Amino acid sequence: KDRMGIIVMYSLPELFYSRMPVDSEDDISSTENEDYRRIVKDGCTIVVPNLPFSLLQYRDKLYNKGFRKFLIDLSYTKPSKHFFNRIFKKLNTSFAEQPSSNFNFKMNLK
């Protein structure tokens, strides 16, 4: 049972890259009505969700299972000391950030 990995606790994950132009007038959404954002960088289109991925509320449970390394990824968020402090506090208190999604995470660790 290796618990040395780093657990991503908060992120707007890069879902995919495209070198082909993506028309900026077309909305991107899934069949579950999830909305996505396009970022154009160095000629590539990067797609990230509008709703962040967050496991902040599971920090205590993960810590009790032996995990000690946690990551907050603020890529694609507007820089703000207040926002960082809020997310960091929620990590330390194992409190959920809303709105957010835990995607397909299941707390069934053994």
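View 1. A pocket is here an open set of points, on a 1 Å grid over the protein atoms alone, where a 1.4 Å probe fits and with protein on both sides within 12 Å along at least five of seven lines; grid points are joined across faces, edges and corners, and a volume is the space filled by probe spheres set on the points. The lining, made of residues that have an atom within 4 Å of a point, consists of P13, L15, E34, D35, Y36, P49, L51, P52, F53, S101 and F103. By class, eight of these lining residues are nonpolar, one is polar and two are charged, where Ala, Val, Leu, Ile, Met, Phe, Trp, Tyr, Cys and Pro count as nonpolar, Asp, Glu, Lys and Arg as charged, and the others, Gly among them, as polar. Because this is a predicted model, local features need pLDDT of at least 70 and side-chain atom pairs count only at pLDDT 80 or more, whereas totals for chains, interfaces and linings use all residues. Residues are numbered from 1 along each chain as its sequence is written, and side-chain values use heavy atoms, with hydrogens and water left out.

**View 2. The whole protein has two helices and six strands.** Helices (H or I, at least four residues) and strands (E, at least two) are DSSP runs, numbered from the N terminus, and along the sequence they follow the pattern β-β-β-β-β-α-β-α. Of the 110 residues of the protein, 29% count as buried; buried means under 20% relative accessible area, exposed over 50%, and partly exposed in between, with a 1.4 Å probe and protein chains only. Among the contacts with a separation of 6 or more, 71% are made by residues 24 or more positions apart, a contact being heavy atoms within 4.5 Å.

**View 3. The largest nonpolar core has 12 residues.** They are I7, M9, Y10, F53, L55, L56, Y58, L62, F67, F83, I87 and L91, and the elements that give two or more residues to this core are β1 (6-11) and α2. Such a core is a set of buried Ala, Val, Leu, Ile, Met, Phe, Trp, Tyr and Cys residues joined through side-chain atoms within 4.5 Å. In soluble globular proteins, nonpolar side chains tend to be buried together.

**View 4. F53 belongs to the largest nonpolar core and also lines the largest pocket.** This residue lies in strand β5 (residues 53-54) and counts as buried because its relative accessibility is 18%. Leaving aside neighbours within four places in sequence, F53 is in contact with V8, M9, Y10, S11, P13, S101, N102 and F103. F53 and E97 are 44 residues apart in sequence, and their C-alpha atoms are 9.4 Å apart in space.

**View 5. The side chains of E97 and K90 make a polar contact at 2.7 Å.** A polar contact is a pair of N or O atoms within 3.5 Å, of which, within protein, one must be able to donate a hydrogen and the other to accept it, while residues adjacent in sequence count only if both atoms are side-chain atoms. E97 is found in the segment after α2 (81-93) and, at 5% relative accessibility, counts as buried; K90 is in helix α2 and is buried as well, with a relative accessible area of 16%. Apart from neighbours within four places in sequence, E97 touches Y10, S54, L56, F83, R86, I87 and K90, whereas K90, with such neighbours again set aside, touches L56, F95, A96, E97 and Q98. K90 and Q57 are 33 residues apart in sequence and 7.6 Å apart in space, C-alpha to C-alpha.

**View 6. S18 has a side-chain polar atom 3.0 Å from the backbone oxygen of M20.** S18 is part of strand β2 (residues 16-18) and counts as buried at 17% relative accessibility. Not counting residues up to four places away in sequence, S18 touches G43, C44 and T45.

**View 7. A cis peptide bond joins Q98 and P99, with omega about -5°.** P99 is found in the segment after α2, and S94 is placed in the segment after α2 too. S94, a residue other than glycine, has a positive phi near 55° and is buried, with a relative accessible area of 15%.

**View 8. Y76 has a positive phi of about 70° although it is not a glycine.** Y76 lies in the loop between β6 (69-72) and α2, and it is partly exposed because its relative accessible area is 22%.
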